[in-house]
Each structure stands twice: as C-alpha cells, then as structure tokens.
Amino acid sequence: NSARILEEQLSQFALVIDNSLTKAPSFSFDEINQFKTYIGDMANQSAISINRLSDSNKFSTPGLIETTLNMELEATYIQAGQFISALESMDHLVKIHALDIAPAQILNKKDTTVASGPNRYKVTIEMSIFKVKKEV
C-alpha cells in the first residue's frame with residue numbers, strides 16, 4: 001500500500017517535470033493559448049469574471065524560458081483564494097509575482113444601500129510559467 005501511495009504522489013511530480021522540459025527556444029502560440037483556455041475554464045467553473053488576460057514573453061535567465069500572464073478578475077474573496085490555489089496546482093512551474101486585491105466597487109458616503117450577497121473584489125495577478133531548456 002505504501003508503494004502505491006508513493007507511486008501516485010511521484011507520478012504527479014513526474015508530470016510537472018515532463019511539462020517543464022523543452023528543447024524549444026520559447027513558448028509556442030498553441031501553448032500560450034492552452035494556458036489561457038485552462039485559466040478561462042477554471043474561472044468559468046468558479047463563476048469568476050475575467051476582465052483582462054494578456055501575455056508577454058520575458059527575458060529570463062539562461063536555460064529557462066518564461067511567459068508572463070497578467071489578469072484582472074472579479075470574484076468573492078473565497079473564489080479568489082480557490083482560483084489562486086488552482087493556479088498554483090497547475091502541472092507546470094508557476095510563480096506568482098504580484099497579487100493585488102481591492103474592492104470591486106467603492107460606495108460613496110451618500111450611498112447607504114448595501115448590495116445583497118457577498119462582496120466582490122477586483123483581483124490583479126501577474127504570474128509566470130517557466131520551462132527548462134533541455135541540453136542537446
């Protein structure tokens with residue numbers, strides 16, 4: 001039983017390693033679109049609205065390739081936390097550089113009505129996805 005549990009845990013780690021090795025000099029358009037689609041699906045499942053999602057290549061250290069995704073979401077605090085956890089559990093090397101959470105709507109002093117339901121927040125995330133270049 002212990003060997004089976006250990007094998008299950010290591011197979012997930014092996015998947016991350018396999019997804020993080022490449023011979024290509026940069027991410028392909030298909031890979032970037034696949035990341036964006038995956039993020040869109042995660043947001044859709046959690047009822048999170050994506051206001052902005054953009055990507056850019058970054059200069060990274062030798063031996064690595066990196067693409068950066070910038071996104072602006074609108075979600076409840078709990079949804080935002082679950083979304084960030086899902087990002088971190090992707091089968092790729094992921095690093096979140098910046099995370100900013102602010103109220104989505106600021107009420108004026110004259111406005112005394114309180115919206116029913118949970119508070120919504122504007123969540124801004126800058127994250128990178130990395131791959132390690134295989135030596136030829």
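Visitor: Where does Ala-47 lie?
Guide: This is a predicted model, where local features need pLDDT of at least 70, side-chain atom pairs count only at pLDDT 80 or more, and totals for chains, interfaces and linings use all residues. Residues are numbered from 1 along each chain as its sequence is written, and side-chain values use heavy atoms, leaving out hydrogens and water. Helices (H or I, at least four residues) and strands (E, at least two) are DSSP runs numbered from the N terminus. Ala-47 lies in the loop between helix 2 (29-45) and strand 2 (49-57).

Visitor: Is Ala-47 buried or exposed?
Guide: Buried means under 20% relative accessible area, exposed over 50%, and partly exposed in between (1.4 Å probe, protein chains only). Because its relative accessibility is 52%, Ala-47 counts as exposed.

Visitor: Now to another residue: which strand holds Thr-68?
Guide: Look along residues 64-75 in your view. That stretch, with Thr-68 in it, is strand 3.

Visitor: Which residue's side chain has a polar contact with that of Thr-68?
Guide: A polar contact is a pair of N or O atoms within 3.5 Å; within protein, one must be able to donate a hydrogen and the other to accept it, and residues adjacent in sequence count only if both atoms are side-chain atoms. At 3.1 Å, the partner of Thr-68 is Ser-128.

Visitor: Is Tyr-77 buried or exposed?
Guide: Tyr-77 has its place in helix 3 (residues 77-88). Since its relative accessibility is 57%, Tyr-77 counts as exposed.
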